[in-house]
Amino acid sequence: MMGPGWYLRRLSRMGPAEVVGRARHAVVQRQWRSALPSPPDWPSHPRFTAPLPDGVLGKVSGEAVKRLLATADELMAGRAEYFGVVRSDLVDPDWFVDPKTGRRAPSDVYAFDVPYRSEDAVGDIKQIWEPSRHQHLTVLAAAYALTGSSAYAERVAAHLRSWWAANPPLRGPHWVSGIELGIRLLSWVWTRRLLDGWAGAPALFEDNPEFQLQLWHHQNWLATLRSHGSSANNHVIAEDAGLLAAACAFGWFPESARWRGEAIRSLDVQLARNTFDSGLNAELASEYHGLVLELGLAAAVEADAAGTPVPATTWDVLLRMTDALASIVDNRLRPPRQGDADDGFGLIVDGSETDRWASLLATGEVLFGRLDWWPAVPGDDVRTPLLASLAARTPRASGVRPGRRPAHLRDAGMTILRSGRVWARCDGGPHGFLSIAAHAHADALSVEVRHDGVDVLADPGTFCYHGEPRWRSYFRSTLGHNTLELSGQDQSVSGGPFLWTRHAVTKVLGVHTPDDGPSRWSAAHDGYAPSVHRRTVELDGDVLKIVDEVLGDPGQAARLAFHLGPAVTATLDGNIARLRWEGGAGSPTHGASDPLAGHLAGSLAGGAVRTAVLELPPELSWAAHQGEIDPPLGWYSGGFGRKEPSTTLVGSGTAGRLTTLLRFS
């Protein structure tokens, strides 16, 4: 539970307009406590008019169908994994139970009285919220659409009726957060679309007064309490996408046209604000780039299908985001592991073994066309042909696109150095987005290095948001990244979860990324002012050189950390670390991501043994740490809610000029 100090610090990061807006929201919430808003009369004969075009399902590859049905059949057996917790109770779920702690959130409490940030009171709210995004239902509905088996449809109907009965408007934890309502609406739209051939679909949706009540209250909530100010990040994109999709597909209310117009305008503005000109998401958190792109594409094609297209400027942002994703992935189509990641998806109609990033690029290839420098994309997912079929009537964006693969995305401060199988990300960008930088980490000048897709120098990840503050602090800390810590302090100052009160300012000093030959990057930050930390990274063939310098007061106590990926073993002898891992063609099988749990598989497929030598600065005293708890050190989080021991090499001593060499064999 957040204390008074956190709320005061949070208030200090708001401008006057945001304070006024939040006061208005508080007034509305008080009004709703005493009297729920009343929906209008349900139209006498509503009809769903946004099915998939004929023949589209036949374009889904056999492999994609096989993967989908494997996941759907697990769901039919009641099994799924959410954030590292395997559940087997999903035949008839309790929508309020956190299986991790065993706690049950209050179900009959006014929504805005639920202390959802308190794990002691409600359990892990992410565990409670995730199944109620109903993305498992879009998987089951897709299985019905591709097989015609009514068992999938009947399970979907049972879950929806159960959820609607247990969650009356504005009661319980599922009405607290707009992002949850927005994603849930998008799931309902696609569930209805995918069940269109099932005889029971009209009775479940358009002929169902209970659905009418839920649908109107979801949309009215989002139209009234839209996120704004310092909270207008990925949350507002989800809110706008859900409102727009529902107002297009279920445009049966007197307010539908207004909601649709407001959502189109807001989505256009907010997508632009949340995206750098280079196309990277402004939160500088790679998984949120994927989430926002999924949401934006789903909303845009929904508007196309309804005959009320979004502006060309919206499509231009989505085009830039797609090209940016293609520019930063490694040779196994993995993006960086930068910033927070909570395994959130915008729309799921694929099986758990379908690669999320390959699917996004495949959709972009169909909608926008691939560029010559794009990586090869398999293009065997369910989502791409379905989404593309709804957008076929509208020309795609016509913005200027990069003629060669960008290596330095200047506004985002991200630089990718490449040489053969070596991929290295250098972080020289802003600390985060908006005044609170909610999803940022204290990772200025950090590097992330992979060899043939295997994490060698790894970004450890995120692991958790609520309930475990010391783990949240560790995974966000400077020591928790491949960079230099001075005087035992983080570069930026945390004000609590999702809040930074002082942001380190980073400046890229130089970038040289030729098509052939050595690449070089240099940047500095002021997080330890008056001292300045400057780092230079050079990649020449199979050799990576890192030079760290502290200017101003080089005598400070320093700790330099290098976090190894979980597949890498290390033998440390003085300042020489000998690294070893399995890799090679066909491995690791890291590309598959579980859409129900966002799980990033780290298993290796038995490839050739790879080695490297890490020559660490001899000026520091080096030690290896693995799986330590008090304090945390030596951990890797492959997905939200999951962590495993890994090796972290920490050098302690006095700041000065420090040179590190990583030589791949």
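Rings of Phe, Tyr and Trp (for Trp, the six-membered ring) make an aromatic pair if their centres lie within 6.5 Å; planes under 30 degrees apart count as stacked, over 60 as edge-to-face and the rest as tilted. Ring pairs of this kind link Trp42, Phe48, Trp163, Trp164, Trp188, Phe205, Phe211, Trp216, Phe250, Trp252, Phe253 and Trp259 into a cluster. This is a predicted model, in which local features need pLDDT of at least 70, side-chain atom pairs count only at pLDDT 80 or more, and totals for chains, interfaces and linings use all residues. Residues are numbered from 1 along each chain as its sequence is written, and side-chain values use heavy atoms, with hydrogens and water left out.

**Aromatic pairs**
- The count by this rule is 27 aromatic pairs.
- Phe463 and Phe475 form a tilted pair, because their ring centres are 5.8 Å apart and their planes stand at 40 degrees.
- Phe463 lies in the loop between strand E7 (454-457) and helix H17 (469-476), while Phe475 is in helix H17, so this pair ties together parts that are twelve residues apart in sequence. Helices (H or I, at least four residues) and strands (E, at least two) are DSSP runs, numbered from the N terminus.
- Both Phe463 and Phe475 are buried, meaning under 20% relative accessible area, where exposed is over 50% and partly exposed is in between (1.4 Å probe, protein chains only).
- Trp581 and Phe664 pair edge-to-face, with 6.2 Å centre to centre and 90 degrees between the planes.
- Trp581 belongs to strand E17 (residues 576-583) and Phe664 to strand E27 (residues 657-664), so their pair ties together parts that are 83 residues apart in sequence.
- Trp581 and Phe664 are both buried.

**Charges over rings**
- A charge sits over a ring if NZ of Lys or CZ of Arg is within 6 Å of the ring centre and within 35 degrees of the ring normal.
- Arg450 has its charged end over the ring of Trp423, 4.2 Å from the centre.
- Over the ring of Trp357 sits the charged end of Arg356, 5.1 Å from the ring centre.

**An open sheet**
- Five strands form an open sheet in the order E3-E4-E5-E6-E7, with antiparallel pairing; two strands pair if DSSP finds at least two bridges between them.
- At the edges are strand E3 (408-409) and E7, each pairing on one side only.
- E3 runs antiparallel to strand E4 (residues 414-419), and two bridges join them.
- Leu409 has Met414 as its bridge partner in E4.
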